[in-house]
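Here's a quick briefing to read with the model open beside you.

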Amino acid sequence: MANNSFAGALSATGNHVKIKSPSDFCAGQMEGLALSDSLSGAALQMVHAGEACWISPVYRTKKPFNDLVASWNVETPEGSFVEIFGRVWIPEYDGWTDPDGISYDGWSDWISWGKWSPYIARSCPHQQDSHPRKDSEEEDGWVFANSRYCGGDSSLNVRGSLTASAFQLKAVLHAEEDCKVLPSLWLLAATWKNTNDPAWQSDCSYPEEPVEPASSVLLDTPALSQMVRDPDYGNVICSATSITMLMNGQGADLLPEDVTMVNFDYAFGGNGNWSFTCAAAGAYGYESYVSYSSFEAVRQELTKGYAVGFSVKYSSKENDDQPYLINAPGHTNGHLITIVGYYFDEALGEYVYYSNDPGTDSDADTAHREYRQSQLDKCWYRRAAYFLHKKQDGAGNYVRNCRQASLIPAADRPGLWALTAEECRVVLPKDFLEGRREKFGAHGSILYYAEEELSEIPDTCRRVTANHKFRYDGITVTEDGYLTFAENAMEQLLAEGRSVKLLVLTNSGTVWTADVRG
């Protein structure tokens, strides 16, 4: 092949690349970065504030593809962010000369998955390649990335009937001059498929070391309903709730409300962005990436003790506009569920999967819904899955600015409560609860619970803090930044001798956890 950009190209087997080891990173080009052993695994650490870049080798794929999704796990302290790019090589354009006499080497433009950090209004833009097409006079390029208008799916797509046969990834890290800790990258991954091939699903591989699959599995992954979370957005946080269950299943103790503040895509206006969701889990320290996967691979993950996130569309009714799924809680045109186990049903002659489905009315109803593989197969949207593994030692230290506080009655002002930290009052803006996720900066959620008030869950599920009966309604912020609670709800809980905790979750990085004192 004449294209000299393929010098040193690596062959990618299956439909995954996972870049994590020292040799993986050293195979690429780095500028302003150094290999670090600050984590239990390898990481690329930024050397100086400003901008640093890592470019992967060219990866040649065994089969052509037209859909590519990138994932990344990074440490991005306040004052820093990362931007991930990808480009693909389309053989049909290698050596092509357009009507204006311009020749091309087959490589698309670098396409961005957007700037990402827990501390910025991160967004995955609608972006398209700038090159002209052979088959159209429209200026819409060879490839496009479309999170904003495609439900946050965040994939790089080749237009029309063409396919790509190689790709590269690029990570650009940014840090402000006063950034106290510089960012680092510790995982970069990609998964791909060719939907022009009717048999593309058979090419979905397993990117990890295989083991002998168990005959049956039921993990104790915590069960969390999204529908009992903050009513301002609870019905649309299936992705955040599912990845929260995955992390809590590996030892975390997180709330879906906090996780949605980290994975929210401000371009799309939602938290269904697959890449951002796995980046959020990575920011908490958990290895996580998107996989175009198979049921065999899912059973491998479950055998190893890892629950799996599933992108689905389904209906609990037959002859509906979405595939029928027995035991589903309702109808959805786009949803994320958590698969926590499986067994083989001899009577049905197929595998049945246990799901913690967050689209239910209670934590108890979330687990463990049994979904048949033959039906789930039709519901599994684009074969997209979240793979999440154990927490990386030394990672997850900068995802949120966690502050300890107290909530105490305001002196000489009955009914008002002051949030205080280090003997100073924390003054929240009056509109703090407006646009809790959508208005970045000085906005967020306020919620509280009594330690004694627990939600019902099956005995087979591990209990976490999120399995309390949280309260959200009747909270207001006054003009001068005090809190009030309708119908003296806070005073009544304390009068009953309850131990109450209040959380203030900002969408710009800070979390206040307060003990309530009467």
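Which helix is Q300 found in? Q300 sits in helix α5, which covers residues 295-303. Bear in mind throughout that this is a predicted model.

- Is Q300 buried or exposed? With a relative accessibility of 10%, Q300 counts as buried, because the cut-off for that label is under 20%.
- Once you skip the neighbours within four places in sequence, Q300 is in contact with Y206, E209, P210, V211 and P213.

**Nonpolar cores**
- As background, nonpolar side chains in soluble globular proteins tend to be buried together.
- Here, the largest nonpolar core has 110 residues.
- The residues with the most contacts inside that core are W72, V88, W116, F167, M247, F310 and L376.
- Take W72: leaving out neighbours within four places in sequence, its contacts include the tryptophans W113 and W116, along with V82, I84, L185, L187 and L188. W72 is also in contact with S275, F276, C278 and A279.

**The largest pocket**
- You're looking at a volume of about 340 Å³ for the largest pocket.
- Its lining takes in 16 residues, with D253, D258, L503, V511 and T513 lying nearest the centre.
- β30 supplies the largest share, at 3 residues.
- Sorted by class, the pocket lining has 9 nonpolar, 5 charged and 2 polar residues.

**The cavity**
- How many cavities of 30 Å³ or more does a search of the whole structure find? The search turns up 1.
- The largest cavity holds about 50 Å³ of space.
- Lining the largest cavity are I90, Y93, R133, D135, G141, W142, V158, R159, G160 and L162.
- That lining splits into 5 nonpolar, 3 charged and 2 polar residues.

**G415 in its loop**
- G415 has its place in the loop between β24 (401-409) and β25 (417-421).
- With a relative accessible area of 33%, G415 is partly exposed.
- Not counting residues up to four places away in sequence, G415 touches L483, T484 and E491.
- K390 is 25 residues from G415 along the chain, and the C-alpha atoms of the two are separated by 45 Å.

Notes
Residues are numbered from 1 along each chain as its sequence is written. This is a predicted model: local features need pLDDT of at least 70, side-chain atom pairs count only at pLDDT 80 or more; totals for chains, interfaces and linings use all residues. Side-chain values use heavy atoms; hydrogens and water are left out. On a 1 Å grid over the protein atoms alone, a cavity is a set of points where a 1.4 Å probe fits but cannot get out, and a pocket is an open set with protein on both sides within 12 Å along at least five of seven lines; lining residues have an atom within 4 Å of a point. Grid points are joined across faces, edges and corners, and a volume is the space filled by probe spheres set on the points. Ala, Val, Leu, Ile, Met, Phe, Trp, Tyr, Cys and Pro count as nonpolar, Asp, Glu, Lys and Arg as charged, and the others, Gly among them, as polar. Helices (H or I, at least four residues) and strands (E, at least two) are DSSP runs, numbered from the N terminus. Buried means under 20% relative accessible area, exposed over 50%, partly exposed in between (1.4 Å probe, protein chains only). Contact means heavy atoms within 4.5 Å. A nonpolar core is a set of buried Ala, Val, Leu, Ile, Met, Phe, Trp, Tyr and Cys residues joined through side-chain atoms within 4.5 Å.
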